[in-house]
Amino acid sequence: MKNYRTKIISNQEISPGYYRMRILAPGFSETAHSGQFVMFRVQRSLPPLLRRPFGIFRTGSLPADCDGLPPKEFVEIVYKVVGRGTTIMAELHEGDKVELLGPLGNGFDAPSCDGERILVGGGIGLVPLYMLAGELVEKGCNVRLLMGGRTRDDIFAVTEFERLGVETYVSTDDGSLGEEGVVTKVLERKLQKFPKAEVFACGPMPMLCAVRDICVANKTPLQVSLEESMACGVGACLGCVVKGAGHTEERPSYLCTCKVGPVFKAQYLDWNALAQSHGCGGCE
Amino acid sequence: MSETTRTTVKKPSMAVEIAGIKLRNPVMPASGTFGYGEEYAPFLDLEKIGAIVTKGLSLKPKAGNPTPRIAETISGMLNAIGLQNVGIEAFIQHKMPFLRTLNTPVIANFFGNTLEEYGEVAKRLNDIPEIAAGELNISCPNVKRGGIVFGTDPKAASEVVALVRKQLQKPLIVKLTPNVTDITVVARAVEEAGADAISCINTITGMSVDIHTRKPRIANRTGGLSGPAIRPIAVRMVHQVVQTVSVPVIGIGGISRPMDALEFLIVGAKAVQVGTANFVDPSVIQTIIDGIEEFCIDEGIEDIHELIGSLKL
């Protein structure tokens, strides 16, 4: 974990409203695991004041060029333009100076492979699944990725995922790409076919709730990556806490998304509280 | 370059003393923005900052408020964390072992739900020799009991300070809230009740609404506003308090650059605390220390005390 004062290598729109930013970050890939995140400082001046958390899409390095200098290591984030901060980010260019704190948090826990691995990503929730997919494929797992979105615009990086050797399934609410309907419908079908699968999910809370309910019903192990607003990313502000399973007024359990998470085993979370705080009704 | 022509830049003396605590420089974190110190160890040398101020400690662990707890506003943030902390016993057991290894004064921020609890925590702090001082929080705007209830009423403030003064065998800093009509009234009351130093300001109560859901943006409805947005208010209040009391004052409120800290020192704060800026840049305290030093060199200031309280009126 380090605060990088660095610069942008590239910043491109990869699907309407979605951008991929590649940032120079020497030494980053050695310590980064799938599911971790960075705190990105949009600009040195104000506003916006606070950094923004972004999932790591992937790390890598550019080959050494003729100048004989060592290969340039980079980290890539993918972000959706939703507000003030990301609007400014979308206008940044190659060479612009930025600050990046990371890698932060606890990522996915995927030690071995003895069965199917099903990844479920909704929209921007696809981001942390790319590195995970790569790691799982390397371990010899059969990886299936269920990509969900409102429209075709929310589906990105399909080719990259497929190049890893991942089987992809696309569904959109409006049917503009892939199957019409929600991604969890596909999940239910896949779990019938592969009852011993393990599931890894990231996406909007209503999707995560539905995924969790399906996994509970099927007794399927599930890990989820959560998104909460946070100020510091290092466990100091206590702004990003979620309630742990068994949380009560008398015996409270608040877990920092930035430090304990952002990836949690589903059974350790209080799903009713999660659903409520994201305004999407209760989970079963 | 020959020896004779090399000019040596004399480093200014940055050391200050507050209520008997010797600080190597006047910059420290504000409670609640720096965890228990260890969280920031990867980003700056904790033995180069003036002091470490802990998250607010209570007798029992405290869960804090429901979420969402924070919301960004223009040049600031609202928070209603609700004083979540591990409790004094867990602090001693799990957080002190690290803090104990540091050659930097540790100031324990603390609070109680009741008058008695304030006294109990103070007593417990006596058992930790490495704690240099206590910072009494009578100013948290986000909890129903304790905190601001004591800080907005001069009589209640005086009562709690007097009680804690009796129990605590260490220097006592009292942290004041800006959410009063006249901060000098409370400042005078806590000085008379035995405060050895005053730190101010805590956050300013605020509110923000999501226009689409029409709900408050934080679950507690209101929260404490911090960050650059509040700095002019803080400078004004620190100035007023410095004019009123004779105990040393620690200035807090929206400091994120060296020049911000300098403003507070010039109006008379003997030290400063940096809060929200730690979230934005985890090594900002070091940057501020370096910047103050540079300013002193540029201005020919040999001792930071030449700057403190040098406001020209």
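How many helices and strands are there in chain B? Chain B holds 9 helices and 16 strands, where helices (H or I, at least four residues) and strands (E, at least two) are DSSP runs numbered from the N terminus.

This is a predicted model, in which local features need pLDDT of at least 70 and side-chain atom pairs count only at pLDDT 80 or more, while totals for chains, interfaces and linings use all residues. Residues are numbered from 1 along each chain as its sequence is written, and chains are lettered from A and ligands numbered from 1 in the order in which they are written.

Figure 1. Chain A has 7 helices and 15 strands. The radius of gyration of chain A is 19 Å, close to the 19 Å that the globule rule gives for 284 residues, so chain A is as compact as a globular protein of that length. The radius is taken over C-alpha atoms, and the rule is 2.2 Å times the number of residues to the power 0.38. For the 313 residues of chain B, a compact globule would have a radius of gyration near 20 Å, and the value of 19 Å agrees. Along the principal axes, the C-alpha trace of chain A spans about 55 × 45 × 35 Å, and the C-alpha atoms of chain B fill a box of roughly 65 × 50 × 40 Å.

**Figure 2. The contact between chain A and chain B.** Chain A contributes 24 residues and chain B contributes 28 residues; two residues are in contact if their C-beta atoms, placed from the backbone, lie within 7 Å. On the side of chain A that touches chain B there are 16 nonpolar, 6 polar and 2 charged residues. In this classification Ala, Val, Leu, Ile, Met, Phe, Trp, Tyr, Cys and Pro count as nonpolar, Asp, Glu, Lys and Arg as charged, and the others, Gly among them, as polar.

**Figure 3. The open parallel sheet of chain B.** Its 8 strands follow the order β3-β16-β15-β10-β9-β8-β7-β4, with parallel pairing; two strands pair if DSSP finds at least two bridges between them. At the edges stand β3 (27–29) and β4 (52–53) of chain B, each with a single partner strand, so one side of each is left without a neighbour in the sheet. Strand β8 (residues 131–137) of chain B and strand β9 (residues 172–175) of chain B run parallel and are joined by 4 bridges. Opposite Asn137(B) stands Lys175(B) in β9(B).

**Figure 4. Helices lying across the sheet of chain B.** Helix α6 (residues 231–244) of chain B lies across β10 (197–200) and β15 (249–252) of chain B, at about 170° to β15(B). Helix α9(B) lies across β3 and β16 (271–274) of chain B, at about 165° to β3(B). Axes are lines fitted to C-alpha atoms, for helices over the stretch in contact, and angles run from 0 to 180 degrees between N-to-C directions.

**Figure 5. Packing of α7(B) against α9(B).** Helix α7 (residues 258–267) and helix α9 (residues 284–299) of chain B pack at an angle of about 65°, with their axes 8 Å apart. The two helices α7(B) and α9(B) are therefore roughly perpendicular (angles under 35 degrees count as roughly parallel, over 145 as roughly antiparallel, 65 to 115 as roughly perpendicular and the rest as oblique). The contact is made by Pro258(B), Ala261(B) and Leu262(B) of α7(B) with Ile288(B), Gly291(B), Ile292(B) and Phe295(B) of α9(B). By class, this contact of α7(B) with α9(B) has 6 nonpolar, 1 polar and no charged residues.

**Figure 6. Packing of α4(B) against α5(B).** The axes of helix α4 (residues 154–167) and helix α5 (residues 183–192) of chain B come within 8 Å and cross at roughly 25°. That makes α4(B) roughly parallel to α5(B). On α4(B) the contact involves Pro154(B), Ala157(B), Ser158(B) and Val161(B), and on α5(B) it involves Val185(B), Val186(B), Ala189(B), Val190(B) and Glu192(B). These residues of the contact of α4(B) with α5(B) divide into 7 nonpolar, 1 polar and 1 charged.

**Figure 7. The open mixed sheet of chain A.** The 7 strands have the order β10-β9-β8-β7-β11-β12-β15, with mixed pairing. The edge strands, β10 (179–180) and β15 (263–265) of chain A, each pair on one side only. Strand β7 (residues 116–122) and strand β8 (residues 142–149) of chain A run parallel and are joined by 7 bridges. The bridge partner of Ile118(A) in β8(A) is Arg144(A).

**Figure 8. Backbone features in loops.** The peptide bond from Gly261(A) to Pro262(A) is cis, with omega near 10°, and Pro262(A) is in the loop between β14 (254–256) and β15 of chain A. A cis peptide bond also joins Cys200(B) and Ile201(B), with omega about 15°.
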